[in-house]
Number of protein chains: 2
Amino acid sequence: MKVSTKGRYAIRFMLDLAMHDTGLPVRIRDVAARQEISDKYLEQVVATLNKAGYVRSSRGPQGGYVLTRRPADYTMGEILRLTEGDMAPVACMADEVNQCKRADNCVTLRFWKRLDDAISGVIDHTTLADLMEEELAMSADNYVI
Amino acid sequence: MKVSTKGRYAIRFMLDLAMHDTGLPVRIRDVAARQEISDKYLEQVVATLNKAGYVRSSRGPQGGYVLTRRPADYTMGEILRLTEGDMAPVACMADEVNQCKRADNCVTLRFWKRLDDAISGVIDHTTLADLMEEELAMSADNYVI
DNA sequence: TATAAAACCTACTTAGTTACTGGGGATTGC
DNA sequence: GCAATCCCCAGTAACTAAGTAGGTTTTATA
C-alpha cells in the first residue's frame, strides 16, 4: 500500500516547477539537485508528465520545463493516477476488466470501495496550489523563528 | 498503492470464520473452498493471524481455527497492518527510522499525512462485525429479490 | 556556423516482492 | 494406530521498483 517514487517524484517535480515559476523554463538538473533525487531517473518520470501535456518542454540551451496550467488546476489525484496507475486499493474495483464474478455480493468489495472513496476524497481535492500555499506559509514561519 | 492478497485473504478468512461460528473449529480447507483461494497459500496467511493471537488453532481431526475475540473487537486496520505491514502511503511517515532529513519542512509529507489519516479513518473504524452485518443484510436482500 | 546545453529515447540491471507450489513433520480425536 | 488437521520450511516464476548507462536530437548563443 505504498506510493512509489514515480508518483512522489512527479509531485515534487510539479511543485518545484510551480515554486520556481519565473516564466523561464526550469531544468531537470536543477530540480533534481534541489530535491536531491537522481536526475536521470527524474527524466523518465517527467517524460510521462510531458507526454500527458501536464508540462511543456523546450530543448537546447536555456531549455527546460514549464507548467501548462495554473497550479490550482492540477490535483494530486491526476498526477498520481498518471504516474502510478489507478489509485484504487484493490484491482477488482478499478475497472470492469479486473472485476471478479463475486463482485455483486462481496462485502469486502464494499469496504474497499469506502476506502477508495476516502483516498479519492483527499487526492482529488488537493491541488498544487494548496501545496504551494503551505510551502509559503511554512517558510514564513521559519523566518519568524 | 494496492493491498496484496495477504491482507485481502486475511480479511476474508476472518470474516468467513465469523460467519461460520458454531463454536466448533473451522478448517482452512473449507474456508479456502468457499473463498475460492489456494489453501496452501491461505495456510501461510493464517499462520500470521495465529501467531498474533487473532485466531486460536486446534490440531488433529475436527481441528481448525476459531476467533479469539468478538467480531466487533477486530478492526480492519489491525488485520491489515499485521499482514501488510504499516498502511502509511509513504515509508517516511511510517516510523522514525524511515524519516528523511527533509521531514521538518516537507509539504508533500503533510499531504501524505492527510492521506494517511483518511485511510486510517476508514480502516480503523470498520470492524469485522460491520462486515458481518452487511453480509447478512445483503443475503436478506437476495431472498427478497 | 560551431559548440555546448538541454531534452529525448532505449536498453539494461540489481534487488526485492508477490503469489503461489510442494514436501514433509508434529499433534491429536476417534 | 490411523488419518485428519495444523505446522514449518524451501523453492520458484513472474513481476515491479528504482535506478544506471549511453547515446541521439534539437536549439540558443558566441
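Reply: In strand β2 of chain B, Arg56(B) has Val66(B) as its bridge partner. Ser58(B) stands opposite Gly64(B) of β2(B). These positions belong to an antiparallel pairing of β1(B), residues 55–58, with β2(B), residues 64–67, that runs over four bridges. Strands are said to pair if DSSP finds at least two bridges between them. Helices (H or I, at least four residues) and strands (E, at least two) are DSSP runs, numbered from the N terminus.

This is a predicted model, in which local features need pLDDT of at least 70 and side-chain atom pairs count only at pLDDT 80 or more, while totals for chains, interfaces and linings use all residues. Residues are numbered from 1 along each chain as its sequence is written, and chains are lettered from A and ligands numbered from 1 in the order in which they are written.

The two strands of chain B form a hairpin with five residues between them, and Gly60(B) in the turn has a positive phi of about 80°. In chain A, β1(A), residues 55–58, pairs with β2(A) in the antiparallel sense over four bridges. There, Ser57(A) has Tyr65(A) in β2(A) as its bridge partner. β1(A) and β2(A) also make a hairpin with five residues between them, and Gly60(A) in its turn has a positive phi of about 80°.

DNA strand C has 24 residues around it, of which Ser57(A), Ser4(B), Thr5(B), Ser38(B) and Gly60(B) come nearest. Elements that give two or more residues to this surface are α2 (28–35), α3 (39–51) and β2 (64–67) of chain A, and α1 (5–19) and α3 (39–51) of chain B. α3(A) gives the most, with three residues. By class, the surface near DNA strand C has six nonpolar, eleven polar and seven charged residues. In this count Ala, Val, Leu, Ile, Met, Phe, Trp, Tyr, Cys and Pro are nonpolar, Asp, Glu, Lys and Arg are charged, and the others, Gly among them, are polar.

DNA strand D is surrounded by 25 residues, and the closest are Ser4(A), Thr5(A), Ser38(A), Gly60(A) and Ser57(B). α1 and α3 of chain A, with α2 (28–35), α3 and β2 of chain B, each supply at least two residues of this surface. α3(B) gives the most to it, with four residues. The surface near DNA strand D divides into six nonpolar, twelve polar and seven charged residues.

Now the setting of the hairpin within its chain. Chain A has six helices and two strands, in the order α-α-α-β-β-α-α-α along the sequence. The axes of α1(A), residues 5–19, and α3(A) come within 10 Å and cross at roughly 75°. Axes here are lines fitted to C-alpha atoms, for helices over the stretch in contact, and angles run from 0 to 180 degrees between N-to-C directions. α1(A) and α3(A) are therefore roughly perpendicular to each other, a label given to angles of 65 to 115 degrees. Lys6(A), Tyr9(A), Ala10(A) and Phe13(A) of α1(A) make the contact with Leu42(A), Val45(A), Val46(A) and Leu49(A) of α3(A). Seven of these residues are nonpolar, none is polar and one is charged.

The two chains also meet. 30 residues of chain A are in contact with 30 residues of chain B, contact being C-beta atoms, placed from the backbone, within 7 Å. On the chain A side, α1, α4 (76–84), α5 (107–123) and α6 (128–144) each supply at least two residues. α5(A) gives the largest share of that side, eleven residues. The side comprises 17 nonpolar, five polar and eight charged residues.

A rotation of 180° with 0.0 Å of shift along its axis superposes chain A on chain B, with RMSD 0.1 Å. The two copies are thus related as by a two-fold rotation axis. The superposition is by least squares on the C-alpha atoms of residues with pLDDT of at least 70 in both copies.

Definitions and conventions: A residue is near a molecule or strand if its C-beta atom, placed from the backbone, lies within 6 Å of it. Angles under 35 degrees count as roughly parallel, over 145 as roughly antiparallel, 65 to 115 as roughly perpendicular and the rest as oblique. Two residues are in contact if their C-beta atoms, placed from the backbone, lie within 7 Å.
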